[in-house]
Structures are given as structure tokens and as C-alpha cells.
Amino acid sequence: MGDEDLMSALEVIRRVETLGGRVLLEPGGLRLQAAAPLPEDLVAAVGKEKVAIMLALGAPLNTAITSVLAEIRPHLPPALRKLPDERLMLLVNWSIIAAFDRAVMKVSHDVSL
């Protein structure tokens with residue numbers, strides 16, 4: 001398959017379908033259906049692109065967000081794991097904005113040198 005890091009959600013879906021499989025959107029997330037086992041790197045690409053694939057298949061945004069939060073929650077400190085989804089999403093968004101601001105400041109500083 002090549003460099004699956006460059007594979008978009010739609011490319012992953014097309015590749016699964018090319019090999020006779022289907023990516024199904026279910027209440028708990030995604031399910032792969034295929035008559036024969038799919039290549040491991042393709043299955044890994046489905047996992048990596050899970051949220052984008054869910055959205056491409058028409059999942060509601062809140063379902064995709066819940067999936068993202070479920071994936072990051074185990075890696076958070078115990079106090080943050082207990083936050084309700086709405087507050088955790090707010091914290092994630094704030095962290096992204098702060099990181100973006102820091103990057104812009106660094107680039108601005110580097111350009112002015």
C-alpha cells in the first residue's frame with residue numbers, strides 16, 4: 001500500500017472496497033467487513049483515520065468527538081480523566097489554540113531575526 005501516513009479517510013475506504021471489503025458505521029464506532037482478511041497495514045490505517053472515516057460515512061459530529069475523547073482519556077492524568085466530555089473537549093480545544101498561538105509567535109520571532 002505504500003506510505004499509509006499519507007492516506008486520507010476516503011482513500012482508506014476506497015482501498016478497503018477495492019479489496020472486497022466494507023467499512024461500516026455502527027453505534028459503537030466502525031466495523032470492517034471482508035470475505036478475506038485485509039492487509040495489516042490497511043487495518044492499521046482504518047484505525048488511524050477512524051474519526052475522519054466516521055465523519056466521511058455520515059456519523060454525527062458528537063459521535064466522532066466522543067470517540068476521540070475515549071481514545072485520549074486513558075492517557076490523561078487521573079483528575080482530567082474524570083472531566084465530563086464537554087469540559088474535556090473545551091480543554092482540548094483550548095490546548096490546541098494555545099499551541100497554535102505559541103507556534104505563530106515562534107515563527108514570527110524567527111522571521112524577524
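Guide: Start with G29, which lies in strand 2, residues 29-34. Bear in mind that this is a predicted model.

Visitor: Is G29 buried or exposed?

Guide: G29 is buried, because its relative accessible area is 3%, and the cut-off for buried is under 20%.

Visitor: Which residues is G29 in contact with, leaving aside its neighbours within four places in sequence?

Guide: L24 and M54.

Visitor: And how far is G29 from L91 in space?

Guide: 23 Å, C-alpha to C-alpha. In sequence, G29 and L91 are 62 residues apart.

Visitor: New topic. How many residues does helix 4 have?

Guide: Helix 4 has 12 residues, 61-72. From first C-alpha to last, helix 4 reaches 17 Å. That is close to the 16 Å expected at 1.5 Å a residue.

Visitor: Which residues of helix 4 are buried?

Guide: A64, S67 and L69.

Visitor: What do the buried residues of helix 4 pack against?

Guide: Two helices: helix 3 (50-56) and helix 6 (85-112).

Visitor: Take helix 6. At what angle do helix 4 and helix 6 pack?

Guide: About 80°, with the axes 11 Å apart. That makes helix 4 roughly perpendicular to helix 6, because angles of 65 to 115 degrees count as such.

Visitor: Which residues meet there, helix 4 to helix 6?

Guide: Helix 4 brings I65, T66, L69 and I72. Helix 6 brings D85, L88, M89 and V92. By class, this contact has 6 nonpolar residues, 1 polar and 1 charged.

Visitor: What about N62, buried or exposed?

Guide: N62 lies in helix 4. N62 counts as exposed because its relative accessibility is 52%, and the cut-off for exposed is over 50%.

Visitor: How far apart in space are N62 and D85?

Guide: They are 10.0 Å apart, C-alpha to C-alpha, and 23 residues apart in sequence.

Visitor: Where is R73?

Guide: R73 sits in the loop between helix 4 and helix 5 (78-81).

Visitor: Then what is R73 in contact with, sequence neighbours within four places left aside?

Guide: R73 is in contact with L80, R81, L83, P84, D85 and L88.

Visitor: Switch to helix 1. At what angle do helix 1 and helix 2 pack?

Guide: About 145°, with their axes 10 Å apart. Helix 1 covers residues 9-18, and helix 2 covers residues 40-48.

Visitor: Left-handed or right-handed crossing?

Guide: Helix 1 passes helix 2 in a left-handed crossing.

Visitor: Which residues of helix 1 and helix 2 meet?

Guide: V12, R15 and V16 in helix 1 meet L42, A45 and V46 in helix 2. By class, that contact has 5 nonpolar residues, no polar and 1 charged.

Visitor: Last one: T18. Buried or exposed?

Guide: T18 is found in helix 1. T18 is exposed, because its relative accessible area is 63%.

Visitor: How far are the C-alpha atoms of T18 and R87 separated?

Guide: By 41 Å, with the two residues 69 apart along the chain.

Methods. Residues numbered from 1 in each chain as written. Predicted model: local features only at pLDDT ≥ 70, side-chain atom pairs only at ≥ 80, totals over all residues. Heavy atoms only, no water. Helix = DSSP H or I, 4+ residues; strand = E, 2+ residues; numbered from the N terminus. Expected span 1.5 Å × (residues − 1). Buried < 20%, exposed > 50% of the residue type's maximum accessible area, 1.4 Å probe, protein only. Contact = heavy atoms within 4.5 Å. Axes fitted to C-alpha atoms, helices over the stretch in contact; angles between N-to-C directions. Parallel < 35°, antiparallel > 145°, perpendicular 65-115°, else oblique. Nonpolar A, V, L, I, M, F, W, Y, C, P; charged D, E, K, R; others polar. Left-handed = near helix turned anticlockwise from the far one by under 90°.
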